[in-house]
Amino acid sequence: MSKFWKPGTERPRSSLIDDEEGGVLFVSASASSSGFGYSTLERQRQRLPVFKYRTAILYLVENHATTIIVGETGSGKTTQIPQFLKEAGWAEGGRNIACTQPRRLAVQSVSARVAEEMGVKLGEEVGYTIRFEDVTNSGVTMIKFLTDGVLLREMMDDPLLTKYSVIMVDEAHERSISTDILLGLLKKIQRRRPELRLIISSATIEARSMSNFFHDRKRNQGDAANDSAPSTVPAILSVEEPVGDILVFLTGQDDIDAAVQLINENALDHRSHSSGLLVLPLYSGLSRSDQDLIFAPTPKGKRKVVISTNIAETSLTLDGVVYVVDSGFSKQRFYNPITDIENLVVAPISKASARQRAGRAGRVRPGKCFRLYTEEYFMKEMSAEAIPEMQRSNLVGSVIQLKSLGIDNILGFDWPASPPPESMVRALEVLYSLGVLDEDAKLTSPTGFQVAEIPLDPMISKMILSANTYECTEEIITIAAVLSMQSIWVSARGVQKEFDEAKLRFAAAEGDHVTYLNVYKGFIQSGKSSQWCYKNYINYHAMKKVVDIREQLSKLLKRFGMSLKSCERDTQKLRKAIVAGFFANSCHLEAYSQNGMYKTIRHSQEVFIHPSSVLFRVNPKWVIYHSLVSTDKHYMRNVMAIDPDWLTEAAPHFYQRKRPNLSAPF
DNA sequence: GAGCACTGC
């Protein structure tokens, strides 16, 4: 354990200050690979705390900070930082900590746990805001969970908020939505209290300082190539230094598999030193056991080469990496509010990303980064930061988040990066049609408040609440849990036939949602067996998480006064509940369509059933989908067949207005 | 006939 300054003793000096710009002081802190916040993956795999946040906080202690505002999500920081501050001797003198937690559900559960961990009794509970008032006997006079407008205003006027305040923002995910929300809130404070000096710490800044190390090193020359896999291979093979693993950043599964193959072929053809390479792919679609290969120690005389997506940029840390090869590209999501479609495209990364990637090298010894683009491109053309997520996402979730923070004037909110007004309007439209917002754009009661409290996509939340009416909550919370996963299937390239056959054992004529119910039933009947999952090409870890999320949802429903009911075999009930949430995502098969083309009802967009769906090639006339993914085509993922009458039944306000002849035969 | 990554405990 490090030594920390106690008030009244001589203060240690810190060398943490990286940069000073315009009165904003940056303190280095990283949550993703170190510090208190582990990423989920990291946390599962290695339980080794590194104390980046501790050092940052040491700096604050040193500078007589009086207030710390900790952003932005995650329970790690909000629970452990207050605890840590106590340890650090920061407790004396009536200082103030506020932890922001945009999601109310999290706030409540976290708060209860904090109370337990700190051995204190809960203070008064106002809504879902919990306040401790000098209950710790440790001198930390207040810990506020800054979750709604009332507390935000209190915070602004708090006399304890003097001179320094420290905002720790986890920017590992460059300009994420929650970061933007937090910064927007902070701007409000700053305007009200201009004398305050705000200190922002961020992981991106850490990347910047690390990249200084590489700054004057020679970079590989070469154009930014579209086809990154082939051009990457020579770079990997040209790494001549004898020791140290290599981490390569490419864009996606296809590129990665191609590169792995090319390197292995090269090894066979030329008996070059590449035969000493142990080449491993890494992307989230891989099974856990395949992913874990990258953590296995490199065999003697071999050099590990991990070819990865962005997953290794922030969420996974490989200790032995000494060389990084950066293609300069990643897959990024862009949302078009006019068409309401999210596109997944290969795009150039930002400088901040490039630095973060470079920073993955040399964690254990000095390293090198090979960038597959020119220094001139880096200096002159590469954008400093990625386009904020706020500006390229569907905002339905964020709008409801703000509403639940007590911020009613969404359009007037002071975003650091204002999203396109069209996105706002779309989001408000959807929330209104779901019955979450009323005509004055206020949360409805109880639906709006309940939806805001469920930490899932509002459409899923609405589906869950509707299941109460249709008496099928047992089934719906299972479906909701599965839908909030990436996928419950394992990636099965090469064993496609076996995989398809396995899937057929669960396939339901109604579509993917009911199929998931069958999988869940099978999993439970097997006694939650990992063997059973392996045999059926199902991701065991995903299923365990489904069970976990399902459990949380069931607790939540109980709090709403709803009991779990099963519709047994009556799938029509649960399909109607699903439609009650997803009516806006309806499509019909184009008459005479030969290739399975659908059109969305809302925008007449051409869409197709994703090949991973059990309804692929089945093509029912009317379907609703959970999400669209757009690569070369617009694909619907998680598709269910419906009766079009259910649409008008679930959302007469939505469909009568737009399409009076909805039920017309096709 | 196809799947960048993250967050909620």
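Mentor: We will go through a helix pair, a sheet and the cavities.

Mentor: This is a predicted model, where local features need pLDDT of at least 70, side-chain atom pairs count only at pLDDT 80 or more, and totals for chains, interfaces and linings use all residues. Residues are numbered from 1 along each chain as its sequence is written, and side-chain values use heavy atoms, with hydrogens and water left out.

Trainee: How do the axes of helix 17 and helix 18 cross?
Mentor: At roughly 170°, coming within 8 Å. That makes helix 17 roughly antiparallel to helix 18 (over 145 degrees, between N-to-C directions of axes fitted to C-alpha atoms over the stretch in contact).

Trainee: Which residues in helix 17 meet helix 18?
Mentor: Ile-460, Met-463, Ile-464, Ala-467 and Asn-468. Their partners in helix 18 include Ile-476 and Leu-483. Contact means heavy atoms within 4.5 Å. The residues of this contact divide into nine nonpolar, two polar and no charged.

Trainee: New topic. What is the strand order in the open sheet of five strands?
Mentor: 11-12-10-13-16, with parallel pairing (at least two DSSP bridges between two strands). Strands 11 and 16 stand at the edges, each with a single partner strand, so one side of each has no neighbour in the sheet.

Trainee: How many bridges join strand 10 to strand 12?
Mentor: Four. In one of them, Leu-247 has Val-306 in strand 12 as its bridge partner.

Trainee: And which residues line the largest cavity?
Mentor: Among them are Asp-340, Arg-602 and His-603. By class, the lining has four nonpolar, five polar and two charged residues.

Methods
Chains lettered and ligands numbered in written order. Axes fitted to C-alpha atoms, helices over the stretch in contact; angles between N-to-C directions. Helix = DSSP H or I, 4+ residues; strand = E, 2+ residues; numbered from the N terminus. Parallel < 35°, antiparallel > 145°, perpendicular 65-115°, else oblique. Nonpolar A, V, L, I, M, F, W, Y, C, P; charged D, E, K, R; others polar. 1 Å grid on protein atoms, 1.4 Å probe; cavity = no way out; pocket = protein on both sides within 12 Å on 5 of 7 lines; lining within 4 Å.
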